[in-house]
Amino acid sequence: MKPTLLILFAFLLAGQTGIAQNKKARLAEMMKTYHHYNMFDGAVLVAENGKVVYKGAFGLANREWNIPNRTDTKFMIGSVSKPLTAVLVLIQVQKGLLALDNRLDSYLPEFKNKPAGGVTIRQLLSHTSGMPNYDIIPDFFPRISRQYFTREDYVKVYIDAPLAFTPGTQYAYSSWGYFTLGYIMERVTHKSYDQLMKEDIFSKIEMNNSGSYYHTQVVPGRATGYDYSFGGYTTSDFRDQSNTMGTGDIYSTVEDLFKFHLALSNHSLLTKELTNEMFTPGIKPADYGFGLFNKPFKYTVTDSVASNFHLGMTE
């Protein structure tokens, strides 16, 4: 599947007003070009030094009704949900409800004597647990992803899966690991992931256009997802959000995600120490910290810039 939304944050060197206006015009022209070649539909926000220098929206939020995207359109952000989940976990660490080096089975007793029972919170956050990803099941999308699961029943899908390696020794991306983190938080707080995300992040930093989505909800201003292939568009395939909790069930706007960035920068959600751990590169070549890839982004063969990012797509 192709990504249905690209969220772009650029943090550039400060410039004078005239230079900033020139940047705005160049960014607008660049995004128009991407859109012209069917490489971008969605909303984009670019900032430098904590100030927005460009916002724009391209393409259609709904093709059936010819409704254009706006800068406040709500998009399903796919795995860009994972940095939000990681911060939510670290907030529970700050509260003393979780500890980074505690074992998974100390929070979820059903994992005792299971392959992932000895995995730690830290390893789940950094994708170094060895827990596999859902794509080890060849027919996962047609057979499993469209079904509704209780938390307990979805855990049963992967609880007996063997680890890919000894925890802490390698990196391997695992959405199941992040679903497990969401489930742990629900257990220790006795609140739903949705409620906890709203109380501990969205309400605190006024991300008023973000939420945890379920397909029966009516969310005003939410874009319909499409896939692009040569010759036209198709509506994105259905997935039941009960099996994406913690991994890819968040909808948001570029403006709300910028608020999230600012909150990480000014430590209004996390202590400086935990923020530093989140942004510390992990095992190579991924350099994945807690919910973010932390590595140089190469924009030419020889040039790069330090970056903290996550990719996201929806199936």
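## How confident is the model?

What you see here is a predicted model. The protein has a mean pLDDT of 92, and 93% of its residues reach 70 or more. One stretch calls for care: over residues 1-16 the pLDDT is below 50. Beyond near neighbours in sequence, that stretch still has 51 contacts in the model.

## Helix α2

Start with α2, which runs over residues 81-95. With 15 residues at 1.5 Å a residue, α2 should span 21 Å, and because its end C-alpha atoms are 21 Å apart, the model agrees with that expectation.

How much of α2 is covered? Mostly, the helix is hidden: 13 of its 15 residues are buried. Just after α2 comes G96, with a positive phi of about 85 degrees.

Just after α8, H267 takes a positive phi of about 60 degrees.

Which residues of α8 are buried? They are V254, D256, L257, F258, F260, A263 and L264. As a rule, an α-helix has 3.6 residues a turn, so residues three or four places apart point the same way. The cover over the buried residues of α8 includes the strands β1 (42-48), β2 (51-58) and β9 (250-252).

Now for an opening in the protein. The second largest pocket has a volume of about 220 Å³. It is lined by 16 residues, and those closest to its centre are R151, D194, S212, Y214 and D249.

What classes of residue make up this lining? The second largest pocket has 6 nonpolar, 6 polar and 4 charged residues in its lining.

## A glycine in a loop

Last, look for G282 in the loop between α9 and β10 (293-298). Why does G282 count as partly exposed? Its relative accessibility is 29%, and partly exposed covers values between the 20% limit for buried and the 50% limit for exposed.

Leaving aside neighbours within four places in sequence, G282 is in contact with D287, Y288 and G289. N266 lies 16 residues from G282 along the chain, and the C-alpha atoms of these two residues are separated by 23 Å.

Notes: Residues are numbered from 1 along each chain as its sequence is written. This is a predicted model: local features need pLDDT of at least 70, side-chain atom pairs count only at pLDDT 80 or more; totals for chains, interfaces and linings use all residues. Side-chain values use heavy atoms; hydrogens and water are left out. pLDDT is the predictor's confidence in each residue, from 0 to 100. Contact means heavy atoms within 4.5 Å. Helices (H or I, at least four residues) and strands (E, at least two) are DSSP runs, numbered from the N terminus. The expected span of a helix is 1.5 Å times one less than its number of residues. Buried means under 20% relative accessible area, exposed over 50%, partly exposed in between (1.4 Å probe, protein chains only). On a 1 Å grid over the protein atoms alone, a cavity is a set of points where a 1.4 Å probe fits but cannot get out, and a pocket is an open set with protein on both sides within 12 Å along at least five of seven lines; lining residues have an atom within 4 Å of a point. Grid points are joined across faces, edges and corners, and a volume is the space filled by probe spheres set on the points. Ala, Val, Leu, Ile, Met, Phe, Trp, Tyr, Cys and Pro count as nonpolar, Asp, Glu, Lys and Arg as charged, and the others, Gly among them, as polar.
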